[in-house]
Amino acid sequence: MSGDTTRGAAVHPPSAPAACAIPHQSPTPLGRLVATVERLRREVLEAQAAADGRALVELAKGILIGQLHCTPAAAARQLDVLCRESGTSRLELAADIVNQAARDHVSEVAAAFVESAGSADGPADPAEHSTVSVRLRTAESGMLAAASDTQAVAESLLTNALRPLGAVAVAVWTAVPDGSLALAGHAGFPPREAVRWRHVPPGVSTVAGLALRERRLVTLARLERAGLPSIGHLQWPHGGRMAVPTGTGGRIHGVLEICWPGPLAPQPPQIERQVEALAELCAHTMDDSPPGDPTAADVMLPDVAELIDLAEGLQDPAVVLTPVLDHDGRLTDFRIRHAGSRFVDPVGRPRGDVNGALLLEAYPMAAAENGLFDIIERVHATGEPFRAERMSLTALVDQIPLTSVADISVSRHGAAVLLIWRIEDETARLANLLQHAQRLGRIGGFEENLATGDTTWNAQLYALHGLPATAPPVRLRELPDHAHPDDSAALGRFLRALLHHRRPSSVHFRLQRPDGITRHIRVVAEPVLDADRRLHSVRGAYQDISAQHWTEVALAATRDQLAHTEAESAERNRLALQLQHAIMPPTPPAIEAPGLLVAVRYRPAETESLVGGDWYDTVVLPSGLIMLSVGDVAGHGIEAATGMVVLRNALRGLAVTGAGPGQLLSWLNTVTHNLAKHVTATAVCGIFDPRTRVLRWARAGHLPPVLVRGGGAEAFPLIEGLLLGALPDVTYGEREVELEPDDTLLMFTDGLVERRDSSVQDSLGHLVTAAAAGAGDLGARLDRLLAGSRSDTDDDTCVIGIQVG
């Protein structure tokens, strides 16, 4: 940037109406008027920009006068000489002189900008430093010149500093203590749009509200994606936004919001610092506090005296706080300027010990995250009051944290903060706790003075009796008149024990209320004796136990129903177990088959309620062949047991036809699907020829047999075969295996291997390993397999061992 920067940044007028832009047409009176208005507007803006630049130059002249102790004319000549020697414009040189003299945030931002640019792209370009300095200082000059006119401040910001960054509009919002936002100034937005957004009520989420709530710079790449409305969102819905709080001395006065016409790419840190510097400049024009050293906030402020008078007039303990700032104007703590005469310290210290102390020194635990200090800081920054009930306050006493509960109120008054806390009184807390306990327990208390006849009830007791609070209480001797007639005898015994024998007593009776509702009531009372051991009064409590009574009635009915259901269930389980044991005895007799040694081990479920549907069978067919089968019906109980009987007997009958195992399982599937409703099962079926020692086998969703030969064992390869009963027509494949003398074939149900924490393949592998390590006769080997089973499903277990002779 060179020359007069403010003139180069002037706003260009919009295009003239179409009627005035048509070539070869003589100008109309309206066209001449529009052109004149636009020319005058342009000249006004250029004059304002030039005035801003002249203000910066005059400021630089004033600095030279102070440093050189020369006249204004000499300072002007010295400025011209420096311009010629440095080769820069008067405006650029003026910005550098002000930066050197001020050493403020604006000069720091300019220096950081060129330093960041230099570290990223090689040596720093002094022109970039000059551009940023001129832009920020020119904006500052224009803003200070129009400090009392926020609208002029917004226009100066857009013209001198934000248009070079690509922005098209700017809005300056004032934060109102009630949480709302007021549009104090704007530039670049249509007038009608500004009217629509002149006030944003509390609780409405906007871009400026987000920056105010989070108290930080907020950048939105595309406004429409953020889902937050804001001024100008109809004109530039796809544009980007930046919003940054403006504040001084820890107080936020408002928000500076900047609008771009298109999507906003991620901005480098130096651009964000430029925007923050502009917000700080804007804040100084909005600050209504008296000027002075930033650290002067640590002295008594003019409005604190009035706030102290207000605090003394309150019935609640109040503390007046003022902000403590560092040399850079940042908030570091709050000073306790005054603790009211009703002040109650959470740990019992007198108010003289905290008066004049820093808040974090007196209450260091307030610095916890989302603690009391954060709350006070937020109220001081935004002006929005805070109130909370039953908030925990923690203080340190001899390095021991003590916590108390209080109702909190924090509000800002000028530059000071008023903190009110009402420490919860122990007596009031216990009384409140008792009141809630009586309400929740439906308990009402009473006291009856027998000498005067006066009876005192609490509010809960009137509600239990269904009486208005203005009705006379019911005396103890009148209780039989309000009770069910059948309870008269019990009430009579209660009154005799209490009034005549002067013993504590209780009674349960049915109270008949005036509204026709009957409640079950329990009364507990005790006599109160005077100094001469005479009966003076009676006190006690009523409790509505209707819910408990009806619960006991329902529980009694439920217990009867459960007893009946358990008896029925036990009978069903007994029948199922008898049926299962009739077909599958736990200790089956030895099975004889030519050329084979067959042993069976069957272990019923550990729980009788889990009667299952496992079965095994060995049948010598008329052809001399031997059918070997094992199966498992899904489920437990009587249905599984009866399904097992149906399938086992059906397979026996079908085997007489001489069909192979695949055909037998296909027929058995038809029986399962059509005749045994809601039954599914798995099975393995084998046909053994003793003459050739060839075994043909097929499976229906069941685990394959295991062959033990020599010193090893392995499971038969799986054959495809769907479980029984799933589909109406299923074809099952077959395999042939030639067995050798002394081979042992194991057929079993999944109760032998199934575990909840292991896959079936892992469990089957464990069985194969155990079978290969077995020794001794066939029965002993089956016993070891059953004893070493790792199954944990509490299911029936069946294993058949077939040893070839």
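**Group meeting: helix packing, cores and a few loop residues**

Okay, let's start with a crossing: helix 8 and helix 12 cross in a right-handed way, meaning the near helix is turned clockwise from the far one by less than a right angle. Before I go on, this is a predicted model, where local features need pLDDT of at least 70, side-chain atom pairs count only at pLDDT 80 or more, and totals for chains, interfaces and linings use all residues. Residues are numbered from 1 along each chain as its sequence is written, and side-chain values use heavy atoms, with hydrogens and water left out.

Back to that pair. Helix 8 is residues 150-162, helix 12 is 269-286, and they pack at about 155° with axes 12 Å apart. Axes here are lines fitted to C-alpha atoms over the stretch in contact, with angles from 0 to 180 degrees between N-to-C directions. Helices are DSSP runs of H or I, at least four residues, and strands are runs of E, at least two, numbered from the N terminus. So the two helices are roughly antiparallel, which is the label for angles over 145 degrees. Who makes the contact (heavy atoms within 4.5 Å)? Val153, Leu157, Ala161 and Leu162 come from helix 8, and Leu278, Cys282 and Thr285 from helix 12.

Gln267 is partly exposed because its relative accessibility is 24%; the cut-offs are under 20% for buried, over 50% for exposed, partly exposed in between, with a 1.4 Å probe and protein chains only. Beyond its neighbours within four places in sequence, Gln267 contacts Met242 and Glu272.

Now the largest nonpolar core, with 30 residues. By that I mean buried Ala, Val, Leu, Ile, Met, Phe, Trp, Tyr and Cys joined through side-chain atoms within 4.5 Å. Among the members touching the most others are Leu621, Met627 and Leu668. Helix 20 gives the most, 8 residues. Leu668 touches Leu647, Ala650, Leu651, Leu654 and Leu724, not counting residues up to four places away. There's also a second, separate core of 27 residues, including Leu331 and Val417.

Arg693 isn't a glycine, yet its phi is positive, near 55°. Arg693 is in the loop between strand 21 and strand 22, and counts as partly exposed at 30%. Asp742 also has a positive phi, about 75°. Asp742 lies between strand 25 (735-738) and strand 26 (744-748). Buried or exposed, then, for Asp742? Exposed, because its relative accessibility is 55%.

Terms used:
Contact means heavy atoms within 4.5 Å. Angles under 35 degrees count as roughly parallel, over 145 as roughly antiparallel, 65 to 115 as roughly perpendicular and the rest as oblique.
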